[in-house]
Amino acid sequence: MPYRRGVFVEETDTSLLPPVRTGTVIVAIGTAPQGPVNTAVPIFSFKEFVDTFGWNDNFSLYTLCEVAEVAFARIGIAPVVFINVFDPNVHKDANGNPDPSQVSANDIIGGIDPTTYKRKGLECVNEVYPKYGLVPSILIAPRFSKNPSVALALALKAQNVSGVFKAFALADLDTSVAPADTPSYLSTNNLRHAHLKAFYGKGFFNGKEYSPSCASACVWAKLDFSTEDFPFHSISNKPLPFDSIEPLLDDDLATYLAGQGVTPLLRTRRGLVPWGTRTTLYPTSTDPKDTFDNVRRAFNFIANELILTFRQKLDFPITKRLIRTIVDSYNMRLNALKGREYILGGKVEFREQDNPKEDLVDGIIRFHVYLTPPSPAKEIHFILEYNHKYWDEIFKGG
């Protein structure tokens, strides 16, 4: 080493970076050590989460702590909306002590109190937009979603948020079910749904277990940020922040499951990834808008954007100017999405056959939106052929 004298300064990477602010809003339902109960709270940093909900790294008991670590510390995205259902005054052990293990699937599913009309559990998702102006994009309930009743409730809520919006639900499947039995498990438990993606397997990092639904939601939100918050990518074949997975499946079994609406975890040269582009509705349906995860989310995005954009035009007099404003303005938007190749094409039309005079007189107008998000490349084929003509090269000079 050369002789040195002087004062020297070195730099190291910042240990905690500000999260990327995404337009993809994850809503997580689960348990936290403290904080508000049965109310939706948007959180923008790890510190804010700890200040609001406390911290305990026993993720099997405190599932929202897992979401906070993965979202803020591992992936670096915000905001995340948290709904804590652990009530220390209600969930107690035999000795009367607060016990989060007493939280049940019914607490996660929740409902509306018939006396107070207060929302509980998943019903609090409907508070997110009215309170904060945030539209839920992805719903998760890590660990609890292994219960098929919770997974189904997530899917049903994702299909109809606040009576108008659409989201997408991610659930974890029970790995005590044999891999080959998971397709029939989905069907038996009524989990064939266009707004649901179900992951099979456990993820680990430094020996600690993490839920594929949680990691996938956070990675997906960051992918969306890279495409201006438009849900362009499938989550399939995107590395998750794990260093090991269980069980280890071979390509044949993983690909079979992917073709049955199950999304297993698989080790590839890219890393540890979800393997499969399908929602759980496949192969019950083959409609691309309901069976490819990115296409379904693109339709959700456009539907929510149409609602948010044109709510301001409700109650305007029905005139040619109103119709032209709606058609022209959203065609410009679709053309911009096409220019970025986020969609292959799209257009809005006001068609006479969709608008009988009886409806027009009654104040009802309909616009036909054509939309084609690109399907994911689930197969890439190369044709190899032995060509004897290249033997001629051996006789050429040079």
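Buried means under 20% relative accessible area, exposed means over 50%, and partly exposed lies in between, with a 1.4 Å probe and protein chains only. Helices (H or I, at least four residues) and strands (E, at least two) are DSSP runs, numbered from the N terminus. This is a predicted model: local features need pLDDT of at least 70, side-chain atom pairs count only at pLDDT 80 or more, and totals for chains, interfaces and linings use all residues. Residues are numbered from 1 along each chain as its sequence is written, and side-chain values use heavy atoms, with hydrogens and water left out.

Start with strand β2, residues 40–43. Ala40 and Pro42 lie on one side, Val41 and Ile43 on the other, and all are buried. In a regular strand the side chains alternate between the two faces of the sheet. Strand β3 (residues 77–84) pairs with β2 in the antiparallel sense, over four bridges; two strands pair if DSSP finds at least two bridges between them. Ala40 has Ile83 of β3 as its bridge partner.

Now move to strand β7, residues 168–172. Five of its five residues are buried, so β7 is largely enclosed by the rest of the structure. Phe168, Leu170 and Asp172 point one way, while Ala169 and Ala171 point the other way. Strand β6 (residues 136–140) pairs with β7 in the parallel sense, over three bridges. One link joins Ile138 to Phe168 of β7, its bridge partner.

Helix α10 covers residues 293–310, 18 residues in total. From first C-alpha to last, α10 reaches 26 Å, close to the 26 Å expected at 1.5 Å a residue. That expected span is 1.5 Å times one less than the number of residues. Among the buried residues of α10 are Asp293, Arg296, Arg297, Phe301, Glu305 and Phe310.

What about the cysteines? The structure holds zero disulfides, a disulfide being a pair of cysteine sulfur atoms within 2.5 Å. Cys124 is in none; the nearest cysteine sulfur, that of Cys65, is 18 Å away. Cys124 counts as buried because its relative accessibility is 0%. The sulfur of Cys218 is 4.6 Å from the closest cysteine sulfur, in Cys214, so it is too far for a bond. Cys218 is buried too, with a relative accessible area of 0%.

Finish at Phe395, in the segment after β15 (368–372). Phe395 counts as exposed because its relative accessibility is 72%.
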